[in-house]
Amino acid sequence: MADEVTLLNFWASSEQDLSNGKSDLLLQMNPVYKKIPVLVHRGKPVCESLIILQYIDDVWRDKAPLLPSDPYERAQSMFWADFIDKKVITFLGRYGQQKEKNRRQRRVSLNALSILEGELGEKPYFGGETLGYGILPLLPFCCGFSTYETIGNFSIEAQCPKIIAWANGCLQKESVSKSLAEPGKVHELLSTLFFFCFRLMLENQRREEH
C-alpha cells in the first residue's frame, strides 16, 4: 500500500531516538551512512533529506506536488534546496567552537540567508505563492532561529527581516507547525549541545596544557 510509511528521524518517530544510540532498524535501513532521516516505504529505505523529498514528490505527486512541472522552475527549486543544504544548514548552529570559527560560521550563515532574502523579494513564499521543494530544507530550522541567535550572539532579523517574516508566516500554517518541534524544546536541546561542546573544548585545552 502507498501509505505504508515509517520515518526514522529525531523526535518525529518513536523508531529512533539518537540519545539512546542508533537502533538496529536504522543500521539496517541505512548501513552506508548510519544516520537519519530515513523514509521507509513499503519496507524499502530512502536516505538523505533532499532525495527523500524528491521521492515523496514522485510517489505522491497527485496529492501535493513539491516540485514544479516546468523543467526550468524544477531545476531552480532543486538548486535552492541544494544551496540551503550546503550553505545554510551546514553552518547553522555550529557556535560551540573557538571564537574564530564562531565568527566564520555566523558570517557564512548570514551571508547565505541574505542571498535567500534577495531571492524571496516581495513574494509571500520562497519560489512562488506556495510552499515548495526549494525552501523545505530550511523549514525545520525556523523554530530554532531564536536559539541560534542567543547561542551565537547575533541577530538574523537585523540582517534578514524578510526571512524572519517568512519563517513566522510559515509557522502559522497548521501543516508546518504540527510537523515541527516546539521552539522551547529546540532551545533546550541546542543549549545542552552547546554546553557539552564548550565543556569538551575546555577539557581538550587542559589536556594540551599538561
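**Helix 2 against helix 3**

Guide: Start with the contacts. From helix 2, Leu50, Gln54, Asp57 and Asp58 meet a set of residues in helix 3: Arg74, Met78, Ala81, Asp82 and Asp85. This is a predicted model. Now the geometry. Helix 2 covers residues 49-59, and helix 3 covers residues 71-89. Their axes come within 11 Å. They cross at roughly 150°. Angles over 145 degrees count as roughly antiparallel, so helix 2 is roughly antiparallel to helix 3. The crossing of the two helices is right-handed.

Next, the setting. The protein has ten helices and three strands. Read from the N terminus, the order of elements is β-α-β-β-α-α-α-α-α-α-α-α-α. Two of the strands form a hairpin, strand 2 with strand 3. Strand 2 spans residues 38-41 and strand 3 spans residues 44-47. They pair in the antiparallel sense, over four bridges. His41 stands opposite Lys44 of strand 3. Two residues lie between the strands of this hairpin. Arg42 takes a positive phi there, near 55°.

Last, the whole chain. Of the 210 residues in the protein, 36% are buried. The accessible surface comes to about 12900 Å². Carbon and sulfur atoms account for 53% of that surface. Take the contacts between residues at least 6 apart in sequence: 57% of them join residues at least 24 apart.

Key. Residues numbered from 1 in each chain as written. Predicted model: local features only at pLDDT ≥ 70, side-chain atom pairs only at ≥ 80, totals over all residues. Heavy atoms only, no water. Pairing = 2+ DSSP bridges. Buried < 20%, exposed > 50% of the residue type's maximum accessible area, 1.4 Å probe, protein only. Contact = heavy atoms within 4.5 Å. Areas by Shrake-Rupley, 256 points an atom, 1.4 Å probe, with all protein chains shown as cover. Axes fitted to C-alpha atoms, helices over the stretch in contact; angles between N-to-C directions. Parallel < 35°, antiparallel > 145°, perpendicular 65-115°, else oblique. Left-handed = near helix turned anticlockwise from the far one by under 90°.
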